[in-house]
Amino acid sequence: MGCVHGKCCCRYPRSSDGDNREDLGRYAQVQTHILAGRSVESAQVPSHNFRLEYSVLTQRGFYPESPEKENQDSYCIRTQLQGNPNVHFFGVFDGHGQFGTECSVFVRDRLVEILSNDSTLLDDPVKAYNSAFSITNEELHDSDIDDSMSGTTAITALLVGDMLYVANVGDSRAVMAVKEGNRVVAKDLSSDQTPFRKDECERVKSCGARVLSVDQVEGLKDPDIQSWGDEETEGGDPPRLWVQNGMYPGTAFTRSVGDSTAESIGVVAVPEVTTVHLTAHHPFFVVASDGVFEFLSSQTVVDMVNRSADPRDASSAIAGESYKLWLDHENRTDDITIIIVHIKALSNSGGGATAKRNGGRTTNTEKETLEIYFTPSASEGYRSVRSELSEVSCCQTVSSSDQSSRVGLNKEKTSKGFHAFPHILDVPETVAGPEQHSLSS
């Protein structure tokens, strides 16, 4: 997740032979040493007589122009929530902005604690998830961390017995491997929340956002053309969110935790929650930051995991391939965090898995029900239902003691996070906390 202070997915010139390669070689040696110390952990699920085996990898990005820049990703693995041996939590948090690391760590720590202390967690995990994200977001606003132009995405997976609940805020990703005959197929358990999604684009516009790419802001393209193709082909100059009378905040995502300035134009912390009934058709799932998926498809990631018996080998291979592709296209890489969870010895009688995704903006759920994909022996398959749960009217007032103050920042075109230019940026010097933040549920 890029931002104004570095870690931006810029359209840098492609690296020439030898350009940064010597530094990268030394960097890779350090990373190899770090990777060697990782372990595979396990957690039992006695209620359904299976176990989880998991491993995590997190790597700082390669930033030749910011050698001291820290890894803004963080992760959380918490087994036996509420002392229950059948409840386990996995989460990846990708910070952005000047205080992205602080935001990422804050959300990592508080979200799981709030879930752990919620007495409704086992009865209604979706409700508990929505409450936990809302409370965490408000606590971050009220903390000593300046989240006016900083925040974090969050992709989390909560396992309760043989049910998996995946909650997503932002553009990191969770992917399930599904056995279909002799194949293992990748099925996304989250949908990137960016203006490329028509529903998300319309939602933030209804909250007052202007949606324009950087080229449109700079006058290189017609701002009246509200079509940006897809993320794979137009990821280098994506549509961004701007206030009506200023050139900020420039986020390329539509949901996050923190980002109090962007809340005024619809950037909210309401998760989309996907529910999956696990069966023997599901060998593993992956939870990872968007640095993994910038150049790797979900299917490629699943194929790489499927080829390795040891999740440590798989995560190392994925990180290595991600870095290579980053440097083939740009002169830097993003931070990368991967959690791989293998599902071992699950042999229930269910023929498929029913998945509901809650958190979209549409209110007519029956009309908007989408058959996303199917398991081999289940007519229900995976189903996405976008419900009223997050029809979000998320507008707040941003006040300022000096609306004309300017902040000078490096000019960079970023594909994620914030974008700022010294010659057009007009950011309030003081950004007040949320005066209105209405989330319908």
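Predicted model: local features only at pLDDT ≥ 70, side-chain atom pairs only at ≥ 80, totals over all residues.

Colleague: How many residues does helix H2 have?

Modeller: H2 (residues 100-116) has 17. Helices here are DSSP runs of H or I, at least four residues, and strands are E runs of at least two, numbered from the N terminus.

Colleague: And which of its residues are buried?

Modeller: Among them are Cys103, Phe106, Val107, Leu111 and Leu115. Buried means under 20% relative accessible area with a 1.4 Å probe, protein chains only.

Colleague: What covers them?

Modeller: The cover includes helix H3 (125-142) and strand E5 (151-160).

Colleague: Switching topic: what's the strand order in the open sheet?

Modeller: E9-E10-E11, with antiparallel pairing. Strands pair if DSSP finds at least two bridges between them. E9 (210-212) and E11 (249-251) each have a single partner strand, so one side of each lacks a neighbour in the sheet.

Colleague: Which residue stands opposite Thr251 in E11?

Modeller: Leu241.

Colleague: Last one: at what angle do helices H9 and H10 pack?

Modeller: About 140 degrees, with axes 8 Å apart. Axes are lines fitted to C-alpha atoms over the stretch in contact (heavy atoms within 4.5 Å), and angles run from 0 to 180 degrees between N-to-C directions. Val301, Met304 and Val305 of H9 meet Ala314, Ala317, Ile318 and Glu321 of H10.

Technical notes: Residues numbered from 1 in each chain as written. Heavy atoms only, no water. Expected span 1.5 Å × (residues − 1). Buried < 20%, exposed > 50% of the residue type's maximum accessible area, 1.4 Å probe, protein only.
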